[in-house]
Amino acid sequence: MAQITAAAVVLDNTKFGSAQSPAQLELGIEPAGLQDAREPGAMVPATQSVGFALGWDFAHHGLTPPALQLYASSPLRQGFQAGSATFGRRTLRANRHTQQWLLLRTHAWSRGRSFEEVQLTPNYLQQLGVNFCPITRQPLDAHQGSRHQAQLDRVRDDAGYAAGNLVMMSRAANLAKAQYGWAEAAEVARSVETGPIRRIAGLGAAEWQRVALLCSFVTELPHAQAAALPLLVLPPNRLRLFNPIQALQAMLTRQLATPGWSARLARIEALLPTEACKADFNRFVLALAPRVLAVSNLHREQEIRWALEDAWQQPLLLKRWTRFALQLSAAQAEALLQRAAAKQLVNAVHVQHLTQPNAIDGWALERGGFCAASQYLEH
């Protein structure tokens, strides 16, 4: 598997199963604070040691946990009290990303969700920050309850909070997406596009198409199906792509955002296995290249990103891309991506290869994204 920083991550084309559990509605977490709807007398996960460690870390960073988690028998409260007694004023410096990290862990713990703590650090979460929602394209804010409130949540609902499965989006997009996966979101997008209802859960057809594509990135699809999808939203930073052909698609598209794209694409063409494949690659580039004229007049990074995404609304571009992409197997697509990265032909992105076990480490797919301790205690 390859990870493409600032674009995506690619998973080896190997099969891996996961025991699916019933979808759970997740509302995400706000960077500025946590709105926890659980009442103090409700059911809580029986992960006492995790809660205690979480409270300890709040104290270690000099931060106060959410009030609803400080009920009398809460292990988080016990950890916070023990940590406060131990550290006193000798606390670590905390910034908003540290607070976001602690609140996201609290959100996961309070719902029995798995949280991978080795890679998911405050520094990692900082890399996920964006100014615009990738679904609605509206500016994000920190106002609690706002449609545009920035929220971090999982893309794949049957996986836990882990590196490669988190994206920042608006509250409106997060609420609409809810537990939907690729197939369900794609069906909603088709329904909205054909009418008569033109908006569902506050999102229109274009927005639902972006939701569906976002979900497709972390869903293992048949190669031919993945090759036929338009890149209507570029993969957010650090997202892991399970389908190599989509990672190749994202890498090639992003080349147009920086000077020297023509020379880089020509060198990538030379890496292709057959003359027929090279010819189809050239036809694809000729359909994509006119977008450079629009992008060259733009200066804001977000506007350039949207222009490249909008290029994929052209039927001719998708037709030529699919014809080229089907000349490659999934293994060939990933090999091409890695060779291009090794030859430094992937400007504006960083590719990191991950083996299949490491790619889904901490995702808890075998448990549907829940903690191993799935029993619940009443307090």
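## Close-up views of a predicted chain

**View 1. The largest nonpolar core and its central contacts.** The largest nonpolar core has 102 residues, of which Leu 248, Leu 252 and Trp 321 touch the most other members. Helix 7 (residues 205-217) gives this core its largest share, seven residues. A nonpolar core here is a set of buried Ala, Val, Leu, Ile, Met, Phe, Trp, Tyr and Cys residues joined through side-chain atoms within 4.5 Å. Buried means under 20% relative accessible area, exposed means over 50%, and partly exposed lies in between (1.4 Å probe, protein chains only). The model is predicted: local features need pLDDT of at least 70, side-chain atom pairs count only at pLDDT 80 or more, and totals for chains, interfaces and linings use all residues. Residues are numbered from 1 along each chain as its sequence is written, and side-chain values use heavy atoms, with hydrogens and water left out. Leu 248 touches Trp 321, Phe 324, Leu 328, Ala 333, Leu 336 and Leu 337, leaving aside residues up to four places away in sequence. Contact means heavy atoms within 4.5 Å. In soluble globular proteins, nonpolar side chains tend to be buried together.

**View 2. The chain as a whole.** The protein chain holds 16 helices and seven strands. Helices (H or I, at least four residues) and strands (E, at least two) are DSSP runs, numbered from the N terminus. Of its 379 residues, 54% count as buried. Among contacts with a separation of 6 or more, 74% join residues 24 or more positions apart.

**View 3. Helix 9 against helix 15.** The axes of helix 9 (residues 244-254) and helix 15 (residues 330-342) come within 8 Å and cross at roughly 40 degrees. Axes are lines fitted to C-alpha atoms, for helices over the stretch in contact, with angles from 0 to 180 degrees between N-to-C directions. The crossing is left-handed, a term for a near helix turned anticlockwise from the far one by less than a right angle. From helix 9, Pro 244, Ile 245, Ala 247, Leu 248 and Met 251 take part. Their partners in helix 15 are Ala 330, Ala 333, Glu 334, Leu 336, Leu 337 and Ala 340. The contact has ten nonpolar residues, no polar residues and one charged residue. Ala, Val, Leu, Ile, Met, Phe, Trp, Tyr, Cys and Pro count as nonpolar, Asp, Glu, Lys and Arg as charged, and the others, Gly among them, as polar. Helix 9 is mostly covered, with eleven of its eleven residues buried. Those buried residues include Gln 246, Gln 249, Thr 253 and Arg 254.

**View 4. Leu 213 in helix 7.** Leu 213 sits in helix 7 and is buried, at a relative accessible area of 4%. Leu 213 is in contact with Leu 229, Pro 230, Leu 231, Leu 232, Val 233 and Gln 246, its neighbours within four places in sequence left aside. Leu 229 is 16 residues from Leu 213 in sequence and 7.8 Å away, C-alpha to C-alpha.

**View 5. Arg 305 in helix 13.** Arg 305 belongs to helix 13 (residues 301-311). Arg 305 counts as buried because its relative accessibility is 18%. Residues up to four places away aside, Arg 305 touches Leu 234, Pro 235, Pro 236 and Arg 254.

**View 6. Arg 154 and two backbone oxygens.** Arg 154 is part of strand 4 (residues 150-154) and is buried, at 3% relative accessible area. A polar atom of its side chain lies 2.8 Å from the backbone oxygen of Asp 157. For the backbone oxygen of Ala 159, the distance to a polar atom of the Arg 154 side chain is 2.8 Å.

**View 7. The loop between helix 5 and helix 6.** Ala 178 lies in this loop, with a phi near 45 degrees, a positive value in a residue other than glycine. Ala 178 counts as buried, at 11% relative accessibility. Gln 179 also has its place between helix 5 (171-177) and helix 6 (182-194). At 36% relative accessibility, Gln 179 is partly exposed. Gln 179 and Asp 157 are 22 residues apart along the chain, yet their C-alpha atoms are separated by 5.8 Å.

**View 8. Backbone geometry in two further loops.** The peptide bond from Gly 195 to Pro 196 is cis, with omega near 5 degrees. Pro 196 is in the loop between helix 6 and helix 7. Arg 137 lies in the loop between helix 4 (122-126) and strand 4. Phi of Arg 137 is near 65 degrees, a positive value in a residue other than glycine. Arg 137 is buried, at a relative accessible area of 16%.

Conventions
Polar contact = N/O pair within 3.5 Å; in protein donor to acceptor, adjacent residues only side chain to side chain.
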